[in-house]
Amino acid sequence: MRTKQNKTYPNIRIQPPVLTLINVAVAFLLTWLIPLPLMVPPILQTTGFLLALIGFLLGVGALMAFRSARRTRDPHGPVSRLVTSGVYRFTRNPVNLGFVLILVGILLNAGSYWGILLAPVLVILFNRLVVEREEEYLAQKFGAEYSHYKSKVRRWM
């Protein structure tokens, strides 16, 4: 059962970094309990490092966009304006996308395919527990401005 949105901030009960850390921990546990028979080739391990780096840079880009828009970076605070510049021109959820890339990247770099297998689970969790709630809040707060932004920029990529 969904609760009503608080008018001053989205009703998010579990933050994206926590969801990501849980998924990383589960992936490492699964790697230990159920090792997949395929070895991750060195090129994929390097690719994993690059994916994790890109994920980190997406988060930095989001913080820079918030800073240039003079908007609070506090995820628990109220939103005073819609940020649509920087990385937000390409994805409505650069931080969450960054976390997914970090999950896949860290695990590939560590020699495990479990990050790839758990990435869809993390995306579903983000959508259900974070993104849908944020989108409801932003639609309520910004109305047509958010609808226009939403029609131009994809949720993930």
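Skipping neighbours within four places in sequence, E135 is in contact with R92, Y146, K150 and R155 (contact means heavy atoms within 4.5 Å). This is a predicted model, where local features need pLDDT of at least 70 and side-chain atom pairs count only at pLDDT 80 or more, while totals for chains, interfaces and linings use all residues. Residues are numbered from 1 along each chain as its sequence is written, and side-chain values use heavy atoms, with hydrogens and water left out.

### Exercise 1: Get your bearings

Work out how many helices and strands the chain has, and how much of the chain is buried.

*Solution.* 
- Step 1. Count the elements: there are five helices and zero strands. Helices (H or I, at least four residues) and strands (E, at least two) are DSSP runs, numbered from the N terminus.
- Step 2. Read along the sequence and you get the pattern α-α-α-α-α.
- Step 3. Of the 157 residues in the chain, 42% are buried. Buried means under 20% relative accessible area, exposed over 50%, and partly exposed in between (1.4 Å probe, protein chains only).
- Step 4. Now look at the contacts with a separation of 6 or more: 78% of them join residues 24 or more positions apart.

### Exercise 2: α1 against α3

Describe how α1 and α3 pack.

*Solution.* 
- Step 1. Two packed helices are described by the angle between their axes and the distance between the axes. Axes are lines fitted to C-alpha atoms, for helices over the stretch in contact, and angles run from 0 to 180 degrees between N-to-C directions.
- Step 2. For α1 (residues 16-33) and α3 (residues 94-109), the angle is about 20° and the axes are 10 Å apart.
- Step 3. That makes α1 and α3 roughly parallel to each other. Angles under 35 degrees count as roughly parallel, over 145 as roughly antiparallel, 65 to 115 as roughly perpendicular and the rest as oblique.
- Step 4. The crossing of α1 and α3 is right-handed. A crossing is right-handed if the near helix is turned clockwise from the far one by less than a right angle, and left-handed if anticlockwise.
- Step 5. On the α1 side you'll find P16, P17, T20, N23, V24, A27 and F28, which meet N96, F99, L103, I106 and L107 in α3. The residues of this contact are nine nonpolar, three polar and no charged. Ala, Val, Leu, Ile, Met, Phe, Trp, Tyr, Cys and Pro count as nonpolar, Asp, Glu, Lys and Arg as charged, and the others, Gly among them, as polar.

### Exercise 3: α3 and its antiparallel partners

Which way does α3 run relative to α4, and relative to α2?

*Solution.* 
- Step 1. α3 and α4 pack at about 160°, with their axes 9 Å apart. So α3 is roughly antiparallel to α4.
- Step 2. Their crossing is right-handed. Among the residues making the contact are F99, L103 and L107 of α3 and L122, F126 and V130 of α4. The α3 and α4 contact divides into 14 nonpolar, two polar and no charged residues.
- Step 3. α2 and α3 also come out at about 160°, with axes 7 Å apart. α2 and α3 are therefore roughly antiparallel.
- Step 4. This time the crossing is left-handed.
- Step 5. Zoom in on L101 in α3. Not counting residues up to four places away in sequence, L101 touches L51, A52, I54, G55 and L58.

### Exercise 4: The largest nonpolar core

Which residues of the largest nonpolar core touch the most other members?

*Solution.* 
- Step 1. A nonpolar core is a set of buried Ala, Val, Leu, Ile, Met, Phe, Trp, Tyr and Cys residues joined through side-chain atoms within 4.5 Å.
- Step 2. The largest core has 40 residues, and Y88, L103, F126 and L138 touch the most other members.
- Step 3. α1, α2 (42-68), α3, α4 (114-142) and α5 (144-152) each supply at least two of its residues. α4 gives the largest share, ten residues.
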